[in-house]
Amino acid sequence: EVLAILKQDGEKIRNNPEEIVRLANEHILPLFDFDKMSYFVLGKAWTQAAPEKKAEFQKEFKELLISTYATALSKFSTSGEVLYKDTIVSPKNAKIAIVPTEIRQKGAGPIQVAYRMFQTNEDWRIYDVVIDGVSLVTNYRDSFASEIRAGGIDGLISKLGEHNAPQEQSGTVTVQPASQTQ
């Protein structure tokens with residue numbers, strides 16, 4: 001759906017950060033399981049956090065992911081294409097799968113993106129994205145762990161809020177790698 005929208009209205013959308021964020025919110029983020037991602041990213045800190053801290057973390061984490069996807073969407077060329085490869089279902093658990101894709105853009109090498117998913121009672125949800133062999137969950141877990149050690153979950157939430165704030169205020173869409181969100 002998003003690719004079709006970008007192909008149809010790509011130039012207009014790329015020049016409108018609010019529209020890019022709307023697309024990410026409406027079409028991409030509903031496919032993610034933020035409880036599972038949060039658990040994998042925070043580990044013990046997630047299980048020990050109070051419900052209101054979990055909600056605060058997820059709000060800021062979603063903002064970070066929206067920014068990440070909005071940046072990627074803003075750079076996607078209307079001449080680009082996404083190739084979906086054969087889905088790999090876990091031999092140990094048929095409710096776990098990897099959907100490998102390849103993003104091809106003119107003037108750039110292909111980007112390998114794999115979506116790690118699990119099946120709920122209703123549908124499939126993404127719990128990790130692996131881009132060129134780098135896991136989003138692992139990357140954030142590593143970078144967030146040091147922040148949690150230094151300032152606890154409150155410190156992490158505060159840092160994420162500081163990172164997200166300029167994007168909300170200026171209306172621009174920029175993002176740093178997860179390793180720089182500390």
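Select Asn-164 in helix α6. Helices here are DSSP runs of H or I with at least four residues, strands are E runs of at least two, and both are numbered from the N terminus. Asn-164 is buried, at a relative accessible area of 1%. Buried means under 20% relative accessible area, exposed means over 50%, and partly exposed lies in between (1.4 Å probe, protein chains only). Now show what surrounds Asn-164. Neighbours within four places in sequence aside, Asn-164 is in contact with Glu-60, Glu-63 and Leu-64. Contact means heavy atoms within 4.5 Å.

A word on the model. It is predicted, with local features requiring pLDDT of at least 70 and side-chain atom pairs pLDDT 80 or more, while totals for chains, interfaces and linings use all residues. Residues are numbered from 1 along each chain as its sequence is written, and side-chain values use heavy atoms, without hydrogens and water.

Stay on α6 and pick Ser-158. Ser-158 is partly exposed, with a relative accessible area of 37%.

Zoom out and colour by secondary structure. The chain has six helices and six strands. From the N terminus the order is α-α-α-α-α-β-β-β-β-β-β-α. Of the 182 residues, 38% count as buried. Among contacts with a separation of 6 or more, 51% join residues 24 or more positions apart.

Next, the core. The largest nonpolar core has 38 residues. Such a core is a set of buried Ala, Val, Leu, Ile, Met, Phe, Trp, Tyr and Cys residues joined through side-chain atoms within 4.5 Å. Select Phe-32, Leu-42, Phe-57, Phe-61 and Phe-144, which have the most contacts inside this core. Elements that each supply at least two core residues include α1 (2–14), β4 (111–119), β5 (124–131) and α6 (136–170). Which element gives the largest share of this core? It is α6, with nine residues. In soluble globular proteins, nonpolar side chains tend to be buried together.

Now display the rings. Phe-32, Phe-34, Trp-46, Phe-57, Phe-61, Tyr-140 and Phe-144 form one aromatic cluster. Rings of Phe, Tyr and Trp (its six-membered ring) pair if their centres lie within 6.5 Å; planes under 30 degrees apart are stacked, over 60 edge-to-face, the rest tilted. That rule gives 11 aromatic pairs. Take Phe-34 and Phe-61: edge-to-face, 6.5 Å centre to centre, with 90° between the planes. Phe-34 lies in α3 (residues 34–42) and Phe-61 in α5 (residues 51–75), so the pair ties together parts 27 residues apart in sequence. Phe-34 and Phe-61 are both buried.

Lys-54 lies over the face of Trp-46, 5.0 Å from the ring centre. Lys-36 lies over the face of Phe-118, at 4.4 Å. A charge sits over a ring if NZ of Lys or CZ of Arg is within 6 Å of the ring centre and within 35 degrees of the ring normal.

Move to α2. Its 12 residues should span 16 Å at 1.5 Å a residue, and its end C-alpha atoms are 16 Å apart, which agrees. The expected span is 1.5 Å times one less than the number of residues. Select the buried Ile-20, Leu-23, Ala-24 and Ile-28 in α2. They cover an arc of only 95° around the axis, so they sit on the same side of α2. The arc is that of the directions from the helix axis to the C-beta atoms.

Last stop: Asp-132, in the loop between β5 and β6 (134–135). Asp-132 is not a glycine, yet has a positive phi of about 45°. At 47% relative accessibility, Asp-132 is partly exposed.
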